[in-house]
Amino acid sequence: MSLFGVTVIMLVGVIVPVLTERFGRVTNTVFTMLAPAIALAYIASLAPAVLSGEIISESLEWIPAVGLTLSLRLDGLALMFSLLILGIGLLIIFYARYYMSEKEPIGRFYAYLLLFMTAMLSIVIANNVLQLWMAWEVTSISSFLLISFWSSKSESRKGARMALTVTGAGGLALLAGLLLISQIVGSYNLEVILASGDLIREHAMYPV
């Protein structure tokens, strides 16, 4: 398996709860937990290497014409957040099985939750700032879907609209900042950006 494999498994996992909902809640919950459990086991297996100082990175050609690649990296910080996202996500899936009413479409809730987990995981392991921004936008959409799940309640609808407004505005500001930094550094690669702190601080646009 690979880091790209983990993201693919999580994406496939998004449709699993919708397909298995008709087989009952227990089966639905078990199958829903498979993708994040496999992802968690793989990420955990990389922990010894990462904790010893290794940075695991992978890349694929994205848009070669403009020099863009899909790139993932797992360092200590990404490892910690990946374990938190997947571990807590699994606990939420298990808890929701008993918390939610039998009348509620739990398969749809699980699908929204897995989409949110996938987007969050993609943010923390992204090694390309445009990838990072796109994953952020997916968290905006999935959080809107999660908050508005109980759409019959006015507070849920209001909360969902507020969340979408805040994350949408934040996403635009994030994109502007990432594009500015990338222009200064000359690369969208996060590793290059992280190694260019002095260059960024010395640039005339640094206060912005």
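Trainee: How many helices and strands does the chain have?
Mentor: Nine helices and two strands. Both are DSSP runs numbered from the N terminus: helices are H or I with at least four residues, strands E with at least two. This is a predicted model, where local features need pLDDT of at least 70, side-chain atom pairs count only at 80 or more, and totals for chains, interfaces and linings use all residues. Residues are numbered from 1 along each chain as its sequence is written, and side-chain values use heavy atoms, with hydrogens and water left out.
Trainee: What pattern does the chain follow along the sequence?
Mentor: α-α-α-β-β-α-α-α-α-α-α.
Trainee: Now α2 and α5. How do their axes cross?
Mentor: At roughly 10°, coming within 11 Å. Axes are lines fitted to C-alpha atoms, for helices over the stretch in contact, and angles run from 0 to 180 degrees between N-to-C directions.
Trainee: So are they roughly parallel or roughly antiparallel?
Mentor: Roughly parallel. That label covers angles under 35 degrees; over 145 is roughly antiparallel, 65 to 115 roughly perpendicular, the rest oblique.
Trainee: Which residues meet there?
Mentor: From α2, Arg25, Asn28, Thr29, Thr32 and Pro36; from α5, Ile106, Gly107, Tyr110, Leu114 and Met117. Contact means heavy atoms within 4.5 Å.
Trainee: Switching topic. Where does Leu34 lie?
Mentor: In α2, residues 25-45.
Trainee: Why does Leu34 count as partly exposed?
Mentor: Because its relative accessibility is 42%. Buried is under 20% relative accessible area, exposed over 50%, partly exposed in between (1.4 Å probe, protein chains only).
Trainee: And what share of the chain is buried?
Mentor: 42% of the 208 residues.
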